[in-house]
Amino acid sequence: MLSLLYYLTEHPWIINFRWSPTQSWGATWSFLFSSIASYIILSIFLHLFLLLIRQTRPVSLGPVPAFHSLIMSLISVTIFAGTLFSAVAEIRDTRWSWRRSKITPFQWLLCFPLGTRPSGRVFFWSYMFYLSRFLHTFRTFFLIFNRRDLSFFSLFNSSILILMSFLWLEFSQSFQVLAILMTTSTYAIVYGYRFWTGIGLPGACFPFVMNCQIILLSCNLICHIGVLVMHVTKGGCNGIGAWILNSVLNAAILVMFLNFYVRTKRKIKVNAIVEDVDEDGEKFVKGKDKKI
C-alpha cells in the first residue's frame, strides 16, 4: 500500500511536475487546435470515404473496441486514485496556509486560492487526464467503422473535453479536481460496462450509459453553482475566466445531450424494439443483449 501511494503521490515526476510548453508534451495552443482539427477532419474523411466506396456493412475490428474500453476503464481508475490521494496529500501539506482565509478542504476543491500555479501533484494527474482525452477520441473511429451515423454531438463532445482539460492546466482553473474525480469515476464504470458488453456478456435492461451521463452532468451543474458562490463570498477563485468559458461549454453539452435524450425517448416510443441508446448512438435490441 505504501509503495502504491508513493507512485501515486510522492514520485519525483509527480511532485516536481510543472505545466509548461517546454516541459509538457501538448502544452501549446498550436498543438491543441491542430490536434482537435486533425481529429475532426480525419473523422469526417473516414466517414465520407466509407460512403464513397459504398461500404454498407460494418467493418469488423475484432476485439479492438473491447480492448480499448478495458484500457480506458483502467486508465480512468488510475487517474481517479492518483487525483484523490494527491488531493489528500496537498490538503495535508498546505492546509496551514488556509487559516487566514478560513476555507475548508471541500471549499479548496471548488475554489483554488488566487495565484495558484499549475504544478505539483494534482496538476500532474490533471495532465494525465488531458492526455487520456486523446485516447477517448478513438471511440469515434470505432463507431464510424461500425457504420453508425457520425453525429455532430460526438465530435463536439470529444473536442470540448480536450479543450476544457487544456484550460484547466493553462489557467490553474478552480473546480478541476472535483471535475476529474467525477468524470473518471463515471468513465471507469461506463467503459467497464462497454468492455463487459463488448466481449458478449449481457447488458443492462435500461439505458445504462445514458443514465451515467445524466448523473455526471447533474453533478457538474451543482458544483459549478458552488464555484460561483465561493468566488463571490471568498474574494475570488483562481482561473475564473477559464471557468466561465468552461461553464458555457458545459451548458452547450448539457443542452445538446438533453435534446439527444428527448429524441431518443421519442424513438423508443415509436419503435418498441429499441431499448437503449447511449450518447454515441449505440442501440440495443429490446429483450436481447445484442447490439444493432
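1. Let me begin at the surface, with Phe-45: its relative accessible area is 54%, so this residue is exposed (exposed means over 50%, buried under 20%, partly exposed in between, with a 1.4 Å probe and protein chains only). Phe-45 sits in helix α3, residues 29-52 (helices are DSSP runs of H or I, at least four residues, numbered from the N terminus).

2. A word on the basis of these notes: the model is predicted, so local features need pLDDT of at least 70 and side-chain atom pairs count only at pLDDT 80 or more, while totals for chains, interfaces and linings use all residues. Residues are numbered from 1 along each chain as its sequence is written, and side-chain values use heavy atoms, leaving out hydrogens and water.

3. Now the inside. The largest nonpolar core has 59 residues, and Trp-19, Trp-108, Tyr-130 and Phe-175 touch the most other members (a core joins buried Ala, Val, Leu, Ile, Met, Phe, Trp, Tyr and Cys through side-chain atoms within 4.5 Å). Elements giving two or more residues to this core include α3, α6 (121-136) and α11 (240-270). The most comes from α8, with 11 residues.

4. A second, separate core has six residues, among them Tyr-39, Leu-50, Phe-141 and Leu-155.

5. Leaving aside residues up to four places away in sequence, its contacts include Trp-25, Phe-31, Ile-162 and Phe-166 (contact means heavy atoms within 4.5 Å).

6. There are 24 aromatic pairs in the structure (ring centres of Phe, Tyr and Trp, the last by its six-membered ring, within 6.5 Å; planes under 30 degrees apart are stacked, over 60 edge-to-face, the rest tilted). Trp-19 and Tyr-130 make an edge-to-face pair, 5.9 Å centre to centre with 85 degrees between the planes. This pair links distant parts of the chain, 111 residues apart: Trp-19 is in the loop between α2 (12-15) and α3, Tyr-130 in α6. Trp-19 is buried too, at 7% relative accessibility.

7. Finally, Tyr-187 and Tyr-191 form a tilted pair, because their planes lie at 45 degrees, with centres 5.8 Å apart. They are four residues apart in helix α9, which means about one helical turn separates them. Both tyrosines, Tyr-187 and Tyr-191, are buried.
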